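Here are some notes to read alongside the model.

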Amino acid sequence: MAKNVNERSIDPATRAMLLEADRAGIETAWDRFEKQQPQCGFGQLGICCRNCNMGPCRIDPFGEGPDKGVCGATADIIVARNLLRMIAAGAAAHSDHARDAVLAFKQMAEGKAKSYQVKDEAKLNALAAEYNISTEDRSPEEVALELANVLLSEFGKQTGPITFTRRAPPKRQKVWEDAGIDPRGVDREIVECMHRTHIGVDNDPVHILLHGLRTSISDGWGGSMIATDVQDVLFGTPTPTMSESNLGVLKIDEVNIIVHGHEPILSDMIVAAAEDPEMISLAKKMGAKGISVAGMCCTGNEVLMRHGVPAAGNFLQQELAVITGAVEAMVVDVQCVMPALGNLASCYHTKFISTSPKADFPGTVRMEYHEEKAMETAKEIVKTAVGNYANRDPGRVNIPKDKSACMVGFSAEAILGALGGTPQPLIDAIVSGAVRGVGAVVGCNNPKVQHDYGHLNLVRELIKNDVLVVTTGCNAIACAKAGLLKPEAAKEAGSGLRAVCEALGIPPVLHMGSCVDISRILVLAAALANHLGVDISDLPAAGAAPEWMSEKAVSIGAYVIASGVYTVLGTVPPVLGSTEVTNVLTKGVGGVIGATFAVEPDPFKAASLMIDHINEKRTGLGLKA
Amino acid sequence: MKEIMIRPERCLGCRSCEIACAVEHSDSKSLFGAVAEKPVPRKRVYVEFVPEYAISVPMVCHHCEDAPCVAVCPTGALSQDEVIRVVTHNPEACIGCWTCASVCNYGMIGRNREERIAVKCDRCPDLDVPACVAACPTGALTYKEVEEFSESKRVESALKMARGVAAGASR
C-alpha cells in the first residue's frame, strides 16, 4: 500500500487513520476504489441495460458498434430508464424509512411501543391541524393515532395529492400540475418507475424523466418530509445546541458506541440507554469511566441534532472509526453502511451489531429491534458494548486528537424562531444584500473526490461571498469537523453575512439535519417564497451535492430541481452516454420546472455557478446583484 | 521490447479495452469529454465474438516484425520504427487506398469515416502501458516481453505436467 493519504482526504483525523490503516495492512474504501480502476466506461456513461435477459445490452458510445439494444432501445432510452431506476431506489429508501417512522409512531399511539412518547406536542398539533384532525378534548395519543393513520395512507394513495406537497407555494403546485408531475401517492410512483422501466413499457426519454421528477417530489415533499416531521414529534424538533465532531470525540477511557446508518428510531433509545445509571455502573465495573455514544452518517446527524451527541464522522470515515481500536460496538440500521465493516471488525475487538429487520451484513452480531421492545433491545446492545470493553487492546488504541466544536439543531422551526417567528428579517437581509442568497449544500462522500475537499471548499467560497449556507447529511458533518458550524466561523464569511450571523449569534452554515431533513430546507424555501408571494424558483437560492454517490442523492437532486432550485453536482451522474438526457437535465427541463442541473467537479467553479445563478435571481426580483 | 500479448481465455467481452482505446485517441483524453467530441474518437482494438464457441477474443495490432501493411503502403503513410518496431500511420500521407487493410492478416486497419483514411494502433506513444492493456480488468491483455510471456506460459504448462507426474508417482 503506502498510499499518499494526503491525496485521499483533507481531513486531518482521516489522514491519521489512513496512515494507521496502511501501517496495519488494512484495506479501506479508498484501496478498493483504486482496485476498481479503471471503472467500466459503459457503466459510467449509463449505456448498459440489464433490464431483461435478452441482454445485457450496451451501446457503443463512439458510434462504431451497436446503437440499439436487442429491443431497439437507444442510448437515450437506456440512460433515461437507468436514471429512473436510480430515482426509484433513492425515493424508496427515504420513503420506506418514513414508513417505519410512522409505524413506530402508530405503535406508540396505540400504547404498544412504550419506549416512545410524544416529545413535541406543539408539532403534533400543528400536523393535526394540517390534516384537519381535531385536537380538542383529546389526548396526544388519540390525536397521534389518527395522524398516524392518515400519514400511512399517504403511502398507498392512488390519486393524490400527497398532503405535504400543499406546503409548496401555490405557483410551484401549479407548475407540477401543468407538467403532470404532481405525485399521486408515495408508493405508487416508485412502483410505477419499476413498471415503466420493465422491457417494453416507457421508451420516451422525456416521458421517463418527467415521471422521475414526479417520483422525486413524492420523496422530498412526501416520504422524506413525513420522516422528518414524525421523528420530530417522537424525538423532539431540534433546537440549536453545541456539540463536537470528528474521530477525536471517541473516548480513550470510556465504552465507545457508534450509532451508524440513517434512522433515529433505535439510536434515540440507545442514547437514552447509555445514560441509564445501571449501565454506567456496569461500565465502571468493567474499568471504564463511562459510556460514550457517537454518531456516524445520518443516524449520527439525527442524534446530534436532537441530543447534541457528538458526530464521529461522515460516510468515508466509518471504517476509520473501527481502526481507532477504541470502538466497542458499531451499531447499524439502514443505508450507507459498508458491508466491509464485518471483515474489518473481525480484525479488532469491535462488535458489528445489525439491528434493522431489513438489513444484515456479513460478520454481524444480530440484535434485531422491534418497536414494542425498543428500550429493552437498546439496553441489550449497550450491555453488549460494555461487556466488550474488556476485550479492548489498549496497545491497538489510536484515536486521532482532531475534533471541532459545532452548533447544530437548525430545524426550520428553530431558524424561524431565531428570526422572531417570521422569515422577514432574513428577507430584509437578502433585500439589503447583506445576505446575497441561500446555498443548500448536501450529500455524501465519494472516493472520486478528495474526501471533504469538495464540501469544504464549496461552502467556504459561498459564505465568503455572503451566501448563507444550509446543510445536511455528510456535508454537514464535513462542515462540523472543519469548524464551519461554530458561530465564530462568521469570521470566514463576507462582511454582510458576517454581520448578520454575529448579530444573531449563529454560524454562517446552518446544520439542518440528516438527508431526509432536506425536507426542512424545502419547508424553509417555501416559507421564504410564500412570504414574498413568489415561486421557489424565483428565490436567490441554489443547491449543490459536491461529493454525492448514493441513489438517494439522485432522488434528492431531482426533487430539488423539481422544487425550482438550480443544483450543481460535483460527481458526474451516469447520463453522459445520452445527448438527449444530458440536454434535458442541464437545459430543457428548465423550461418545464424553472430549474436545471449542472455538473462541476471543481468546487470553486461550482461556487461561481451558484453565485452567478443567485445574482441572476436577485436581478429577477429587482434586487441589486 | 514489450508487446501486447493476449490471453483469450480470460476475455469476458466487456469491451473496456475498446472504450479506453477510443478515449486515449480523443482530444480530451477523458471519457466524459470524448463522448461529446466531433468527430468521435476511433478505437483501434476490437473484441471479436466467436459464436461457434461463444468466446470473445480481443484483437490487437501485432506490429509485425515484417509488417505487410508497411510493405504495401504506396505513399509511406505506414512506417515502422527501426528500433522498437512499432508501426505508425501518418494521416497526412494516407490516400485511403486500403491496400494495407487487404494484406493485414488480423483486420487491424480501421477507417476514419470523416477523413476517409486508415486508422490503426499506435501503441499509445504517450503511455507506459497501452490504454487497452491498462483497462483490461481480467488480464486478457498483457504488456510483456515475448520471452517473459512465453516463459510464464511454459511455467504454467510445466506446473500442469508436474502435477500429472506427482499424481502418477503417488498412485
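1. A word on terms first: helices (H or I, at least four residues) and strands (E, at least two) are DSSP runs, numbered from the N terminus. This is a predicted model, in which local features need pLDDT of at least 70 and side-chain atom pairs count only at pLDDT 80 or more, while totals for chains, interfaces and linings use all residues. Residues are numbered from 1 along each chain as its sequence is written, and chains are lettered from A and ligands numbered from 1 in the order in which they are written.

2. Chain B holds six helices and eight strands, and along the sequence they run β-α-α-β-β-α-β-β-α-β-β-α-β-α. Its C-alpha atoms fill a box of roughly 65 × 35 × 35 Å along the principal axes. Of the 171 residues in chain B, 31% are buried; buried is taken as 20 or more other C-beta atoms within 10 Å of a residue's own, exposed as 12 or fewer, and partly exposed as in between, with C-beta atoms placed from the backbone. Among the contacts in chain B with a separation of 6 or more, 55% join residues 24 or more positions apart. Two residues are in contact here if their C-beta atoms, placed from the backbone, lie within 7 Å.

3. Two backbone spots in chain B deserve a look. B:H63 is not a glycine, yet has a positive phi of about 45°; B:H63 sits in the loop between strand 3 (55–59) and helix 3 (68–72) of chain B and is buried, with 23 other C-beta atoms within 10 Å. B:R123, also a residue other than glycine, has a positive phi near 55°. B:R123 is placed in the loop between strand 7 (117–119) and helix 5 (131–135) of chain B, and B:R123 is buried, with 24 other C-beta atoms within 10 Å.

4. Please check the cis peptide bonds too. In chain B, the bond from B:K38 to B:P39 is cis, with omega near -5°, and B:P39 lies in the loop between helix 2 (31–34) and strand 2 (46–50). In chain A, the bond from A:Q37 to A:P38 is cis, with omega near -10°; A:P38 belongs to the loop between helix 3 (29–35) and helix 4 (41–45).

5. How many residues does each chain bring to the contact? Chain A gives twelve residues and chain B gives 14 residues. On the side of chain A that touches chain B there are seven nonpolar, four polar and one charged residues. For these classes, Ala, Val, Leu, Ile, Met, Phe, Trp, Tyr, Cys and Pro count as nonpolar, Asp, Glu, Lys and Arg as charged, and the others, Gly among them, as polar.

6. Helix 22 (residues 518–532) of chain A has 15 residues and reaches 21 Å from its first C-alpha to its last, close to the 21 Å expected at 1.5 Å a residue (1.5 Å times one less than the number of residues). Twelve of the 15 residues of helix 22 of chain A are buried, so this helix is largely enclosed by the rest of the structure. Just after helix 22 of chain A, A:G533 takes a positive phi of about 70°.

7. Helix 10 (residues 205–235) of chain A packs against helix 22 of chain A at an angle of about 110°, with their axes 8 Å apart. Axes are lines fitted to C-alpha atoms, for helices over the stretch in contact, and angles run from 0 to 180 degrees between N-to-C directions. A:G220, A:W221, A:S224, A:M225 and A:T228 of helix 10 meet A:I518, A:S519, A:R520 and A:L522 of helix 22 in chain A.

8. Helix 5 (residues 75–109) and helix 9 (residues 186–196) of chain A pack at an angle of about 155°, with their axes 9 Å apart, and are therefore roughly antiparallel to each other. By class, the contact of helix 5 with helix 9 of chain A has nine nonpolar, one polar and two charged residues.

How values were computed: Parallel < 35°, antiparallel > 145°, perpendicular 65-115°, else oblique.
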